[in-house]
Amino acid sequence: MRASETIVEDLIPHLKNIKSFYFAGGEPLIMPEHYKILKHLYDTMKPYQMLIDGKQKEARNLSIHYNTNLSVIKYDEESLIDLWRGFSRVYLSISCDGIGKVGEYQRTGFDTKRFEENLKTIKKYARPLSTFEGGTGIMYGFQYTTTIMNVYHIFDFIDYMFKNNHITSTEQIDFYYAWSPLEFSLSQISKLQKDKIKTFFNKHKEKYPQKTQNELNAIIEFMYSDMKFDDTTITVNKSIMARVSYSQYGMYSTCQEQYKLNYIDKLGTSSANIHTIFGSAMHETIQHFLDVMYNVTKKQALSLDLETMLYNQMV
(Lines give C-alpha, C1' and ligand atoms only; values in the text may rest on other atoms or scores of the structure.)
Protein backbone atom coordinates (compact mmCIF):
# COMPACT_ATOMS: atom_id res chain seq x y z
CA MET A 1 0.00 0.00 0.00
CA ARG A 2 1.51 3.28 -1.11
CA ALA A 3 1.06 6.45 0.88
CA SER A 4 -1.30 8.97 -0.66
CA GLU A 5 -0.02 12.28 -1.99
CA THR A 6 -2.05 14.02 0.70
CA ILE A 7 -0.72 11.94 3.59
CA VAL A 8 0.39 14.98 5.61
CA GLU A 9 -2.98 16.67 5.26
CA ASP A 10 -4.67 13.37 6.08
CA LEU A 11 -2.61 12.94 9.24
CA ILE A 12 -2.82 16.46 10.67
CA PRO A 13 -6.38 16.14 12.07
CA HIS A 14 -5.25 13.09 14.07
CA LEU A 15 -2.10 14.59 15.61
CA LYS A 16 -3.70 16.69 18.35
CA ASN A 17 -3.28 14.12 21.13
CA ILE A 18 -0.30 12.20 19.79
CA LYS A 19 2.26 10.95 22.35
CA SER A 20 4.87 9.34 20.12
CA PHE A 21 5.92 9.28 16.48
CA TYR A 22 8.14 6.84 14.58
CA PHE A 23 9.81 7.94 11.34
CA ALA A 24 11.46 5.33 9.11
CA GLY A 25 12.27 5.21 5.43
CA GLY A 26 13.96 5.14 2.99
CA GLU A 27 15.63 8.08 4.62
CA PRO A 28 13.06 10.15 6.55
CA LEU A 29 15.23 13.23 7.05
CA ILE A 30 15.22 14.03 3.33
CA MET A 31 11.46 13.62 2.96
CA PRO A 32 9.30 16.75 2.68
CA GLU A 33 6.46 14.88 4.41
CA HIS A 34 8.64 14.34 7.46
CA TYR A 35 9.59 18.00 7.70
CA LYS A 36 6.00 19.18 7.27
CA ILE A 37 4.78 16.91 10.06
CA LEU A 38 7.68 17.77 12.37
CA LYS A 39 7.21 21.51 11.83
CA HIS A 40 3.46 21.21 12.35
CA LEU A 41 3.98 19.41 15.66
CA TYR A 42 6.52 21.98 16.76
CA ASP A 43 4.27 24.90 15.85
CA THR A 44 1.00 23.56 17.24
CA MET A 45 1.92 21.57 20.36
CA LYS A 46 1.95 23.49 23.61
CA PRO A 47 5.35 23.46 25.39
CA TYR A 48 5.54 22.70 29.10
CA GLN A 49 8.22 23.08 31.72
CA MET A 50 9.92 19.67 31.83
CA LEU A 51 13.07 18.13 33.25
CA ILE A 52 15.28 17.54 30.20
CA ASP A 53 18.76 16.16 30.81
CA GLY A 54 18.56 17.26 34.43
CA LYS A 55 17.52 20.83 33.63
CA GLN A 56 14.15 22.57 33.58
CA LYS A 57 13.29 23.43 29.98
CA GLU A 58 10.25 24.13 27.87
CA ALA A 59 9.45 21.18 25.62
CA ARG A 60 6.54 19.61 23.81
CA ASN A 61 5.53 16.33 25.42
CA LEU A 62 6.24 14.05 22.47
CA SER A 63 8.63 11.14 21.96
CA ILE A 64 10.05 10.81 18.42
CA HIS A 65 12.06 7.84 17.14
CA TYR A 66 14.00 7.78 13.87
CA ASN A 67 15.70 5.22 11.70
CA THR A 68 18.20 7.35 9.78
CA ASN A 69 21.51 7.04 7.96
CA LEU A 70 22.38 10.59 9.12
CA SER A 71 23.23 11.68 5.59
CA VAL A 72 21.55 15.01 6.36
CA ILE A 73 20.62 16.92 9.50
CA LYS A 74 18.98 19.84 7.72
CA TYR A 75 15.98 20.08 5.46
CA ASP A 76 16.13 22.83 2.83
CA GLU A 77 18.71 24.63 5.01
CA GLU A 78 16.41 24.45 8.05
CA SER A 79 18.02 22.87 11.11
CA LEU A 80 16.26 19.71 12.26
CA ILE A 81 18.18 19.84 15.55
CA ASP A 82 16.56 23.19 16.43
CA LEU A 83 13.16 21.50 16.10
CA TRP A 84 14.19 18.32 17.93
CA ARG A 85 15.34 20.33 20.94
CA GLY A 86 11.75 21.45 21.39
CA PHE A 87 10.47 17.93 22.17
CA SER A 88 10.76 15.87 25.33
CA ARG A 89 12.51 12.89 23.71
CA VAL A 90 14.13 12.27 20.33
CA TYR A 91 15.97 9.01 19.63
CA LEU A 92 18.10 8.61 16.50
CA SER A 93 18.68 4.99 15.57
CA ILE A 94 21.55 5.53 13.13
CA SER A 95 22.11 2.89 10.44
CA CYS A 96 25.83 2.53 9.79
CA ASP A 97 27.33 -0.69 8.43
CA GLY A 98 30.96 0.38 8.39
CA ILE A 99 33.37 3.27 8.28
CA GLY A 100 35.70 4.26 5.45
CA LYS A 101 35.96 2.03 2.41
CA VAL A 102 33.89 -0.76 3.97
CA GLY A 103 30.91 1.45 4.72
CA GLU A 104 31.20 3.35 1.45
CA TYR A 105 31.26 0.10 -0.55
CA GLN A 106 28.36 -1.49 1.29
CA ARG A 107 26.04 1.52 1.17
CA THR A 108 25.70 3.49 -2.04
CA GLY A 109 26.16 7.18 -1.32
CA PHE A 110 27.61 6.75 2.17
CA ASP A 111 30.32 9.32 2.82
CA THR A 112 32.44 8.85 5.95
CA LYS A 113 33.49 12.49 6.14
CA ARG A 114 29.93 13.78 5.86
CA PHE A 115 28.73 11.16 8.36
CA GLU A 116 31.38 12.23 10.87
CA GLU A 117 30.59 15.91 10.42
CA ASN A 118 26.88 15.34 11.00
CA LEU A 119 27.52 13.07 13.98
CA LYS A 120 29.88 15.66 15.49
CA THR A 121 27.10 18.23 15.27
CA ILE A 122 24.54 15.81 16.74
CA LYS A 123 26.82 15.08 19.70
CA LYS A 124 26.74 18.73 20.77
CA TYR A 125 23.11 18.17 21.77
CA ALA A 126 22.77 14.39 22.14
CA ARG A 127 24.21 11.51 24.12
CA PRO A 128 24.54 7.81 23.24
CA LEU A 129 22.05 5.40 24.81
CA SER A 130 20.88 1.90 24.00
CA THR A 131 17.44 1.54 22.47
CA PHE A 132 15.93 0.00 25.61
CA GLU A 133 17.01 2.78 27.98
CA GLY A 134 14.63 5.57 28.94
CA GLY A 135 15.42 9.23 29.31
CA THR A 136 14.66 12.66 27.92
CA GLY A 137 16.40 14.95 25.44
CA ILE A 138 18.12 13.93 22.22
CA MET A 139 19.75 10.49 22.20
CA TYR A 140 21.29 8.22 19.61
CA GLY A 141 22.50 4.69 19.00
CA PHE A 142 23.65 2.66 16.00
CA GLN A 143 22.37 -0.22 13.87
CA TYR A 144 24.94 -2.42 12.14
CA THR A 145 23.60 -4.88 9.57
CA THR A 146 26.06 -7.72 8.95
CA THR A 147 26.67 -9.08 5.45
CA ILE A 148 29.47 -10.88 3.63
CA MET A 149 30.95 -7.44 2.90
CA ASN A 150 31.39 -6.18 6.46
CA VAL A 151 31.40 -9.22 8.74
CA TYR A 152 35.14 -8.93 9.42
CA HIS A 153 34.76 -5.20 10.06
CA ILE A 154 32.56 -5.54 13.17
CA PHE A 155 35.29 -5.21 15.79
CA ASP A 156 37.08 -2.49 13.84
CA PHE A 157 33.77 -0.65 13.81
CA ILE A 158 33.40 -1.05 17.59
CA ASP A 159 36.97 0.15 18.17
CA TYR A 160 36.36 3.15 15.92
CA MET A 161 33.21 4.09 17.82
CA PHE A 162 35.01 3.91 21.16
CA LYS A 163 38.12 5.71 19.93
CA ASN A 164 36.05 8.64 18.67
CA ASN A 165 33.86 8.73 21.78
CA HIS A 166 30.74 8.01 19.76
CA ILE A 167 29.64 5.33 22.26
CA THR A 168 30.27 4.46 25.90
CA SER A 169 29.18 0.82 25.58
CA THR A 170 28.61 -1.65 22.75
CA GLU A 171 25.04 -1.90 24.06
CA GLN A 172 24.53 1.30 22.08
CA ILE A 173 25.04 -0.67 18.86
CA ASP A 174 22.37 -3.11 17.70
CA PHE A 175 23.89 -5.83 15.52
CA TYR A 176 21.66 -7.41 12.89
CA TYR A 177 22.16 -9.80 10.00
CA ALA A 178 20.88 -9.57 6.43
CA TRP A 179 19.04 -12.65 5.18
CA SER A 180 18.31 -10.91 1.90
CA PRO A 181 19.46 -10.22 -0.77
CA LEU A 182 20.79 -13.76 -0.82
CA GLU A 183 23.96 -12.66 -2.57
CA PHE A 184 25.01 -10.74 0.57
CA SER A 185 23.71 -13.14 3.22
CA LEU A 186 26.09 -15.03 5.52
CA SER A 187 23.77 -18.04 5.36
CA GLN A 188 24.78 -18.65 1.74
CA ILE A 189 28.56 -18.91 2.08
CA SER A 190 30.54 -22.16 2.36
CA LYS A 191 30.95 -24.02 5.65
CA LEU A 192 34.69 -23.34 5.55
CA GLN A 193 34.04 -19.60 5.49
CA LYS A 194 31.38 -19.91 8.19
CA ASP A 195 33.84 -21.73 10.44
CA LYS A 196 36.40 -18.96 9.93
CA ILE A 197 33.88 -16.28 10.85
CA LYS A 198 32.74 -18.23 13.93
CA THR A 199 36.36 -18.53 15.09
CA PHE A 200 36.86 -14.82 14.45
CA PHE A 201 33.77 -13.92 16.52
CA ASN A 202 34.62 -16.29 19.37
CA LYS A 203 38.13 -14.85 19.61
CA HIS A 204 36.84 -11.34 20.37
CA LYS A 205 33.26 -11.42 21.64
CA GLU A 206 33.85 -12.41 25.29
CA LYS A 207 35.14 -8.97 26.25
CA TYR A 208 31.83 -7.32 25.37
CA PRO A 209 28.56 -7.06 27.36
CA GLN A 210 26.04 -9.89 27.26
CA LYS A 211 23.72 -8.03 24.88
CA THR A 212 26.47 -7.76 22.28
CA GLN A 213 27.51 -11.39 22.78
CA ASN A 214 23.91 -12.49 22.32
CA GLU A 215 23.60 -10.54 19.09
CA LEU A 216 26.87 -11.95 17.73
CA ASN A 217 25.73 -15.45 18.71
CA ALA A 218 22.48 -14.83 16.84
CA ILE A 219 24.49 -13.93 13.74
CA ILE A 220 26.46 -17.19 14.06
CA GLU A 221 23.24 -19.19 14.56
CA PHE A 222 21.68 -17.59 11.50
CA MET A 223 24.85 -18.16 9.47
CA TYR A 224 24.71 -21.93 10.11
CA SER A 225 20.97 -22.13 9.47
CA ASP A 226 21.55 -22.67 5.73
CA MET A 227 18.34 -20.82 5.04
CA LYS A 228 17.26 -21.30 1.45
CA PHE A 229 14.54 -19.10 0.04
CA ASP A 230 13.74 -21.12 -3.05
CA ASP A 231 10.57 -19.13 -3.61
CA THR A 232 12.39 -15.81 -3.35
CA THR A 233 15.60 -16.41 -5.29
CA ILE A 234 16.69 -13.32 -7.16
CA THR A 235 18.10 -13.34 -10.67
CA VAL A 236 20.96 -10.92 -10.36
CA ASN A 237 22.51 -8.76 -12.99
CA LYS A 238 25.93 -8.38 -11.38
CA SER A 239 26.66 -5.18 -13.28
CA ILE A 240 23.80 -3.40 -11.51
CA MET A 241 24.14 -5.12 -8.12
CA ALA A 242 27.63 -3.83 -7.35
CA ARG A 243 25.96 -1.25 -5.09
CA VAL A 244 22.92 -1.38 -2.83
CA SER A 245 20.64 1.60 -2.37
CA TYR A 246 19.88 3.34 0.92
CA SER A 247 16.24 2.37 0.57
CA GLN A 248 17.00 -1.33 0.18
CA TYR A 249 19.39 -1.58 3.11
CA GLY A 250 17.35 0.80 5.23
CA MET A 251 14.25 -1.29 4.75
CA TYR A 252 15.72 -4.72 5.49
CA SER A 253 17.74 -3.31 8.40
CA THR A 254 14.46 -2.14 9.90
CA CYS A 255 12.20 -5.00 8.79
CA GLN A 256 13.40 -7.89 6.68
CA GLU A 257 9.87 -9.11 6.00
CA GLN A 258 8.98 -5.69 4.62
CA TYR A 259 12.03 -5.91 2.33
CA LYS A 260 10.90 -9.32 1.09
CA LEU A 261 7.39 -8.10 0.38
CA ASN A 262 8.55 -4.96 -1.43
CA TYR A 263 11.65 -6.01 -3.37
CA ILE A 264 11.16 -9.76 -3.86
CA ASP A 265 7.44 -10.51 -3.78
CA LYS A 266 6.65 -7.08 -5.28
CA LEU A 267 3.71 -6.70 -2.91
CA GLY A 268 2.67 -3.73 -0.83
CA THR A 269 2.57 -3.90 2.95
CA SER A 270 -0.46 -2.95 4.98
CA SER A 271 -0.26 0.23 7.01
CA ALA A 272 0.24 -0.05 10.74
CA ASN A 273 -2.50 0.73 13.22
CA ILE A 274 -2.66 1.08 16.97
CA HIS A 275 -3.38 -2.61 17.41
CA THR A 276 -0.41 -3.86 15.39
CA ILE A 277 1.90 -1.23 16.91
CA PHE A 278 0.94 -2.19 20.46
CA GLY A 279 1.11 -5.90 19.71
CA SER A 280 4.59 -5.63 18.16
CA ALA A 281 5.82 -3.48 21.04
CA MET A 282 4.50 -5.95 23.60
CA HIS A 283 6.12 -8.85 21.73
CA GLU A 284 9.53 -7.11 21.59
CA THR A 285 9.37 -6.19 25.28
CA ILE A 286 8.49 -9.72 26.39
CA GLN A 287 11.13 -11.18 24.06
CA HIS A 288 13.81 -8.92 25.55
CA PHE A 289 12.73 -9.86 29.08
CA LEU A 290 12.98 -13.57 28.26
CA ASP A 291 16.34 -13.13 26.51
CA VAL A 292 17.79 -11.46 29.60
CA MET A 293 16.23 -13.99 31.98
CA TYR A 294 17.53 -17.04 30.11
CA ASN A 295 20.80 -15.65 28.76
CA VAL A 296 21.88 -13.38 31.63
CA THR A 297 20.16 -13.75 35.03
CA LYS A 298 16.64 -13.78 36.38
CA LYS A 299 17.60 -11.01 38.81
CA GLN A 300 18.66 -8.70 35.99
CA ALA A 301 15.52 -9.52 34.02
CA LEU A 302 13.31 -8.61 36.99
CA SER A 303 15.17 -5.32 37.36
CA LEU A 304 14.30 -4.19 33.83
CA ASP A 305 12.02 -1.18 33.49
CA LEU A 306 9.47 -2.98 31.33
CA GLU A 307 7.01 -0.08 31.29
CA THR A 308 9.62 2.28 29.84
CA MET A 309 10.82 -0.40 27.46
CA LEU A 310 7.28 -0.97 26.16
CA TYR A 311 6.82 2.76 25.72
CA ASN A 312 10.09 3.10 23.82
CA GLN A 313 9.14 0.22 21.52
CA MET A 314 5.98 2.11 20.59
CA VAL A 315 7.71 5.38 19.70
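**Reading the fold, feature by feature**

Modeller: Let's start with a backbone detail: just after helix H6, Asn165 takes a positive phi of about 55°. This is a predicted model, in which local features need pLDDT of at least 70 and side-chain atom pairs count only at pLDDT 80 or more, while totals for chains, interfaces and linings use all residues. Residues are numbered from 1 along each chain as its sequence is written, and side-chain values use heavy atoms, with hydrogens and water left out.

Colleague: What should I make of a positive phi?

Modeller: Most residues other than glycine have a negative phi, and most peptide bonds are trans. Asn165 has its positive phi although it is not a glycine, and its place is in the loop between H6 and E9. With 57% relative accessibility, Asn165 counts as exposed. Here buried means under 20% relative accessible area, exposed over 50%, and partly exposed in between, with a 1.4 Å probe and protein chains only.

Colleague: Where does Glu77 lie?

Modeller: Glu77 sits in the loop between strand E4 (74-75) and strand E5 (78-79). Its phi is near 70°, again positive in a residue other than glycine. Glu77 counts as exposed, at 64% relative accessibility.

Colleague: And which peptide bond is cis?

Modeller: The one from Ser180 to Pro181, with omega near 0°. Pro181 is found in the loop between E9 and H7.

Colleague: Let me step back to the whole chain. How many helices and strands does the protein chain have?

Modeller: The protein chain has 13 helices and nine strands. Helices (H or I, at least four residues) and strands (E, at least two) are DSSP runs, numbered from the N terminus. Of the 315 residues, 43% count as buried. The chain exposes about 16800 Å², with carbon and sulfur atoms supplying 53% of that area. Accessible areas come from the Shrake-Rupley method with a 1.4 Å probe. For contacts between residues at least 6 apart in sequence, 73% join residues at least 24 apart; a contact means heavy atoms within 4.5 Å.

Colleague: How do I read which side of a helix is buried?

Modeller: An α-helix has 3.6 residues a turn, so residues three or four places apart point the same way. In H6 (residues 154-163), the buried residues are Ile154, Phe155, Phe157, Ile158 and Met161. These residues cover an arc of only 155° around the axis, which puts them on the same side of H6. The arc is that of the directions from the helix axis to the C-beta atoms.

Colleague: What do the buried residues of H6 pack against?

Modeller: Their partners are strand E8 (137-146), strand E9 (173-177), H7 and H8.

Colleague: Which residues of helix H13 are buried?

Modeller: In H13 (residues 306-314) they are Met309, Leu310 and Asn312. Looking down the axis of H13, its buried residues fall within an arc of 165°, so they line one face of the helix.

Colleague: Next, helix pairs. At roughly what angle do the axes of H7 and H8 cross?

Modeller: Axes are lines fitted to C-alpha atoms, for helices over the stretch in contact, and angles run from 0 to 180 degrees between N-to-C directions. The axes of H7 (residues 191-204) and H8 (residues 210-223) cross at roughly 170° and come within 11 Å. That makes H7 roughly antiparallel to H8. Angles under 35 degrees count as roughly parallel, over 145 as roughly antiparallel, 65 to 115 as roughly perpendicular and the rest as oblique. Lys194, Ile197, Lys198, Phe201 and Asn202 of H7 meet Leu216, Ile219, Ile220 and Met223 of H8.

Colleague: Is the loop residue Tyr208 buried or exposed?

Modeller: Tyr208, in the loop between H7 and H8, is buried, with a relative accessible area of 9%. Leaving out residues up to four places away in sequence, Tyr208 touches Phe155, Ile158, Asp159, Thr170 and Gln213. Tyr208 and Thr170 are 38 residues apart along the chain, with 7.0 Å between their C-alpha atoms.

Colleague: What does Val102 touch?

Modeller: Val102 lies in helix H4 (residues 101-106) and counts as partly exposed, at 24% relative accessibility. Not counting residues up to four places away in sequence, Val102 touches Asp97, Met149, Asn150 and His153. Val102 and Met149 are 47 residues apart in sequence and 7.4 Å apart in space, C-alpha to C-alpha.
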